[in-house]
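Take a look at the structure below.

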Protein chains: 2
Amino acid sequence: MAASATRRRDWAKGANHALREAGHRAGGAREAVVELLSKQSCCLSAQELCDRLGEQGSNVGLASVYRALDLLHGMGLVQRVDLGDGNLRFEPIQPGGEHHHHAVCDSCGRVTAFEDERLESALERLAGRLRHSINAHEVVIHGSCGRCSSSSGAGA
Amino acid sequence: MAASATRRRDWAKGANHALREAGHRAGGAREAVVELLSKQSCCLSAQELCDRLGEQGSNVGLASVYRALDLLHGMGLVQRVDLGDGNLRFEPIQPGGEHHHHAVCDSCGRVTAFEDERLESALERLAGRLRHSINAHEVVIHGSCGRCSSSSGAGA
DNA sequence: CGTTAAACGAGAATCAGTCTCACTAGGCGG
DNA sequence: CCGCCTAGTGAGACTGATTCTCGTTTAACG
Ligand SMILES: [Zn+2]
Ligand SMILES: [Zn+2]
Ligand SMILES: [Zn+2]
Ligand SMILES: [Zn+2]
């Protein structure tokens, strides 16, 4: 989908702009993280980001990746995703609010992203019933992916 | 609520029974973990469980706590709760499906448990729309708790 | 009781994430 | 264009949660 590619490019542009606005310099490592992040369709761990940057020739330190992610997270530009395997992952937050959640297959470990409009509105309505404002929400489903559940017992 | 106390006792009984059925011996450490877990209204970290057991006189090793939790989790008797603070927490899964989710205050760090029937049914309906079976789900809300949001701008 | 292997406790090992520090380089006035 | 100042950076030390290891304990079963 071309629209999504455009959106990602916009996200990178917006993120860099926001960083400038907030008084941050244009460091190479951080821009590399932003650019790589903008190309992902789903979440990556800090280590994965660091490795991929290395493969691309940008030798970015892991600490810088964490620094950049932390900053971006603090500015509401990326969300942390915790799939329960002990590794935090990160993905861009689209300004339009478009986002997805994750389903983890407990048999094969595969992570599937899904969007669901009804779930989102259910979560919005939930806000009205809680004495707690909702800045962000995270939903993680555990179960068997289509592949594993069709092949009968889904070996652990 | 007495019903809930009964349910918790039932959970402990059921968990111990399931462990026997699965061919596990009745070890003191594991039983202590099960019993302590069954008394909690919300999730605890492994370290907290270990500390509390120590206070009660049961000198249970941290490794045994992890072992027990891992086993129980593998048997679908406890759920891991990840609130994003780097500590996994654990709580019993009630066989009846009654459970709650968690809202984290990004200002003060307080964790609030909530139950919401409508959210649960929304999640059940979601299952029908995904090519992914749902064995478990986890919802974490981030925002400001009632206390923090009432005191004006709720610091980042 | 004696045998056997699961369960246990203590501490070592691992590993994601954070912190430190000397060094590099972006931004800016001269 | 040059040099200063500080934010940004990379390597590696550090931390703390979780897992692994290993010698000891003890439940289960005859
Ligand atoms: Zn994703
Ligand atoms: Zn699968
Ligand atoms: Zn609060
Ligand atoms: Zn639920």
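Chain A can be laid on chain B by a turn of 178° and a shift of 0.1 Å along the axis, with an RMSD of 0.4 Å. The two copies are thus related as by a two-fold rotation axis. Which C-alpha of chain A is nearest the axis? That of A:V139, 2.2 Å from the axis. Keep in mind that this is a predicted model.

Now turn to the interface. Of the interface residues of chain A, 100% are also interface residues in chain B, so the copies meet through the same surface.

Next comes the metal site in chain B. Which residues coordinate the zinc ion (ligand 3)? They are B:C105, B:C108, B:C145 and B:C148, each through its SG atom, at 2.2 to 2.3 Å. Along the chain, these donors follow the spacing C-x2-C-x36-C-x2-C.

The site links distant parts of the chain. B:C108 lies in the loop between β4 (101-105) and β5 (111-114) of chain B. B:C148 lies in helix α6 (residues 146-150) of chain B, and the pair is 40 residues apart.

B:C148 counts as buried, because its relative accessibility is 11%, and buried means under 20%.

Last, consider the geometry. The four donor atoms around the zinc ion (ligand 3) subtend angles of 106 to 115°, so the arrangement is tetrahedral. For four tetrahedral donors, the ideal angle at a metal is 109.5 degrees.

Definitions and conventions:
Residues numbered from 1 in each chain as written. Chains lettered and ligands numbered in written order. Predicted model: local features only at pLDDT ≥ 70, side-chain atom pairs only at ≥ 80, totals over all residues. Heavy atoms only, no water. Least-squares fit on C-alpha atoms with pLDDT ≥ 70 in both. Contact = heavy atoms within 4.5 Å. Donors = N, O, S within 2.8 Å, 3.2 Å for Na, K, Ca; no water. Tetrahedral: all angles 85-135°; square planar, octahedral: opposite > 155°, others 65-115°. Helix = DSSP H or I, 4+ residues; strand = E, 2+ residues; numbered from the N terminus. Buried < 20%, exposed > 50% of the residue type's maximum accessible area, 1.4 Å probe, protein only.
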